[in-house]
Amino acid sequence: MYWDATYRITTPLFMGGADTSAEIKTELRPPSLKGLLRFWFRAIALPILKKCEEVKQLEDEIFGSTKKQSAFLLTIENQEGITEKKSANWRNNPGMQYLGHGVTDFKGKTLRPFLEPGGSFTIRLRTKKGAPEKITFYMPLTLQALGLFGAAGARSRKGFGSLSLESLIYNGKNVWRSPTTIEELRNSQKTLLNKIGLSTNSNSLPEYTAFSRQSRIWIAKTGTDAIELLNGIGFEMLRYRSYGREVGGKHVLPGDIDAEQIFADDHDLVLRFCRDKNVTTHPRRVVFGLPHNYYFKSSRKNVDISPAGKDYNRRASPLFIHIHRLKANSYAAILALLPASFLPPGVKIKLSSGRHHSATVDCDVDYSVITDFMERPIFSQSKVVVWP
């Protein structure tokens with residue numbers, strides 16, 4: 001048996017190839033896409049199976065492990081309109097520049113090639129002899145989760161590389177209808193969430209990033225241009241999180257917009273750490289992900305905030321931004337918060353500035369910092385709630 005899942009790239013996709021030569025090339029690679037499917041399998045399987053041990057056992061049976069091969073073969077078929085662009089400059093799109101930190105420089109120029117929006121490709125999965133029967137239930141849900149909430153490549157949780165599922169074929173028969181309206185999109189997402197049993201889950205946070213009753217998912221905005229939509233979300237996040245740059249005695253954002261300084265307490269806490277390192281907590285904004293860094297122009301000091309455990313150096317954002325293509329010139333922006341235990345038990349958070357200046361504090365994140373962002377007026381005026 002086989003599945004053909006066709007996806008449309010809706011935002012710039014930064015995915016490195018296997019070539020390690022000096023010239024970086026962007027390409028779709030089966031191992032990278034298989035890794036994405038493994039992630040979304042874990043996200044949908046935990047609400048159903050309840051126990052991490054059972055998820056891991058079934059994951060190994062389906063996706064393989066160091067002891068056994070995967071139960072399917074993955075190939076990439078029917079690549080249409082896949083175009084690599086060497087560079088772009090988003091100087092006039094500060095939201096894109098903000099979300100793209102790491103793939104853009106401080107002037108908004110991209111640092112590596114990317115695949116342009118608009119192209120499509122098909123993931124073909126062929127099961128092997130002896131594949132577990134459960135694959136027929138979990139695989140279509142996994143493919144849908146990727147195409148309704150996910151993205152590929154660098155900065156994927158920030159909306160880059162968003163993939164919109166356009167068709168899903170099982171043994172030659174189309175078994176899934178692509179949504180073309182907001183209501184159809186919402187229904188497709190709710191159908192998926194109902195199938196994995198969110199309503200019957202406990203209220204506790206999952207041990208790793210997965211769908212749960214604590215998830216918060218809604219269609220935040222719509223628009224006719226995917227880049228403008230992503231840029232708008234990025235700029236709103238910049239407005240929400242930034243302390244601003246001091247100009248003429250006031251703090252401003254790009255466009256000379258006054259900074260709201262919602263997290264002035266974070267700024268003051270880290271500044272106090274720079275002076276005497278006498279801190280007992282971490283900035284509230286670390287809930288958006290670690291590492292979380294500061295630079296103080298007045299003192300030219302950098303402060304790095306990261307997990308203190310030697311086996312952990314980062315914690316990806318629990319907020320997923322996904323730009324979904326409904327039809328030509330019609331897009332929807334989905335914000336999905338998938339909260340989980342932020343760091344493993346006992347792992348603390350470390351603030352450091354220089355080689356000999358550091359402090360370690362308990363991890364105490366507050367997910368309402370993210371839900372407050374999701375409730376911003378620019379979203380709440382038009383949002384369509386998917387979950388709860």
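## R325 and its salt bridge

R325 is partly exposed, with a relative accessible area of 23%; here buried means under 20% relative accessible area, exposed means over 50%, and partly exposed lies in between, using a 1.4 Å probe and protein chains only. The side chain of R325 joins that of E166 in a salt bridge, with 3.2 Å from N to O. The term salt bridge stands for a side-chain nitrogen of Lys or Arg within 4 Å of a carboxyl oxygen of Asp or Glu. E166 is partly exposed too, at a relative accessible area of 21%.

This pair ties together distant parts of the chain: E166 sits in strand β6 and R325 in strand β14 (residues 319-327), 159 residues apart.

## A word on the model

This is a predicted model, in which local features need pLDDT of at least 70 and side-chain atom pairs count only at pLDDT 80 or more, while totals for chains, interfaces and linings use all residues. Residues are numbered from 1 along each chain as its sequence is written, and side-chain values use heavy atoms, with hydrogens and water left out.

## Other salt bridges

How many salt bridges are there by this rule? The count comes to 18. One of them pairs E184 with R177, whose closest N and O atoms are 3.4 Å apart. E184 is partly exposed, with a relative accessible area of 23%, whereas R177 counts as exposed at 64%.

Another salt bridge joins K383 and E375, with the closest N and O atoms 3.0 Å apart. K383 is partly exposed at 23% relative accessible area, and E375 is partly exposed at 39%. There is also a network of salt bridges, which links E236, R239, E260 and R376.

## The second largest pocket

Let us turn to an open space in the model. The second largest pocket holds about 270 Å³ of space. On a 1 Å grid over the protein atoms alone, a pocket is an open set of points where a 1.4 Å probe fits, with protein on both sides within 12 Å along at least five of seven lines; lining residues have an atom within 4 Å of a point. Grid points are joined across faces, edges and corners, and the volume is the space filled by probe spheres set on the points.

Which residues lie nearest the centre of this pocket? They are P140, Q144, V175, W176 and K195, from a lining of 16 residues. At least two lining residues come from each of α4 (135-149), β6 (163-170), β7 (173-176) and α5 (182-195). By type, the lining divides into nine nonpolar, five polar and two charged residues. In this scheme Ala, Val, Leu, Ile, Met, Phe, Trp, Tyr, Cys and Pro count as nonpolar, Asp, Glu, Lys and Arg as charged, and the others, Gly among them, as polar.

Helix α4 is mostly covered, with 13 of its 15 residues buried. Its 15 residues should span 21 Å at 1.5 Å a residue, and its end C-alpha atoms are 21 Å apart, which agrees. The expected span is 1.5 Å times one less than the number of residues.

Helix α1 (residues 30-49) has 20 residues that should span 28 Å, and its end C-alpha atoms are 27 Å apart, in agreement. Just after α1, K50 takes a positive phi of about 75 degrees. Within α1 lies A45, which is buried at a relative accessible area of 0%. Leaving aside neighbours within four places in sequence, A45 is in contact with K50, V55 and Y138, where contact means heavy atoms within 4.5 Å. The C-alpha atoms of A45 and E183 are separated by 26 Å, and the two residues are 138 residues apart along the chain.

S120 lies in strand β5 (residues 120-127) and is buried, with a relative accessible area of 6%. Not counting residues up to four places away in sequence, S120 touches Y7, R8, N78, Q79, E80 and I82. N231 has its place in helix α6 (residues 226-241) and counts as buried at 15% relative accessibility.

A259 is found in the loop between β11 (257-258) and α7 (264-276), and A259 is buried with a relative accessible area of 15%. Beyond residues up to four places away in sequence, A259 touches S242, Y243, G244, H251, V252 and L253.

Methods
Helices (H or I, at least four residues) and strands (E, at least two) are DSSP runs, numbered from the N terminus.
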